[in-house]
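Take a look at the model below. We will walk through it one element at a time.

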Amino acid sequence: MEDAAFIVWLRNLEHVRGRVGDTAASAESQQAWLEKYFTREGDYYFVAETMSGIPVGTHGIYDLANGSAEKGRQAVRPEVMAGVATAILATDIAFGALGLKEVRSNTVSTNANVISLHRKSGFKQVGLLQNHQIIDGNPVDLVQFLLLPEDWAKARERQLPLAKIAGDQILAWEKMQIGQRQPWE
């Protein structure tokens, strides 16, 4: 609940808005959404933070049933390279801690960065839902992806060098942030 203001700020950033669904207008409405979300069985919502507790992004695993779940709700701060790192962590949780047999993703067709990341992460495109979601009053397509554990194992190894670079960049950025007021505060 204490991350609601961060989530609203993050989801309203230009590079995020319209790519992860509609956003809450205020921290209070985000908290109301989170309260409902936390009661849903098989849904997980993560806020990724630096070692000193500065939030850098979000990621979700949801609609868990019969060894399958959807992965998404990923949004990251633009000044850090946290996308690959948070995607690796969430996927490791999905296949490791949760023991999933498959991970699905429905990605807004205009979100080229996440579509590219999915393909690099071993996801295979399995469908397209035309005009399936309304964002800012406009219909958008959703690209359907599927990831299996064996495809993830191969892709994960290819992603680790980039995650290491991102981790180093995040550590350097974090040092500059200590004691600084964050934009949503």
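**Helices on a sheet**

Start with helix 1, residues 4-11, which lies across strand 1, strand 2 (55-65) and strand 3 (68-76). Its direction runs at about 95 degrees to strand 2. Helix 3 packs on the sheet too, touching strand 1, strand 2, strand 3, strand 4 and strand 6. The direction of helix 3 makes about 160 degrees with that of strand 3. Keep in mind that this is a predicted model.

In what order do its six strands lie? The order is 1-2-3-4-6-5, the sheet is open, and the pairing is mixed. Strand 1 (44-49) and strand 5 (124-135) are the edge strands, so named because each pairs on one side only. From one strand to the next, the twist averages 25 degrees.

Look at one pair in detail. Strand 4 covers residues 102-108, and strand 6 covers residues 138-147. The two run antiparallel, joined by six bridges.

Go back to helix 3. This helix spans residues 82-95, 14 residues in total. From its first C-alpha to its last it reaches 20 Å, close to the 20 Å expected at 1.5 Å a residue. Why is helix 3 described as largely enclosed by the rest of the structure? Buried means under 20% relative accessible area. By that cut-off, 11 of the 14 residues of helix 3 are buried, so the helix is largely enclosed. Among the buried residues are Ala82, Gly83, Val84, Ile88 and Phe95. Thr86, Thr91 and Ala94 are buried as well.

Note on methods
Residues numbered from 1 in each chain as written. Predicted model: local features only at pLDDT ≥ 70, side-chain atom pairs only at ≥ 80, totals over all residues. Heavy atoms only, no water. Helix = DSSP H or I, 4+ residues; strand = E, 2+ residues; numbered from the N terminus. Expected span 1.5 Å × (residues − 1). Buried < 20%, exposed > 50% of the residue type's maximum accessible area, 1.4 Å probe, protein only. Axes fitted to C-alpha atoms, helices over the stretch in contact; angles between N-to-C directions. Contact = heavy atoms within 4.5 Å.
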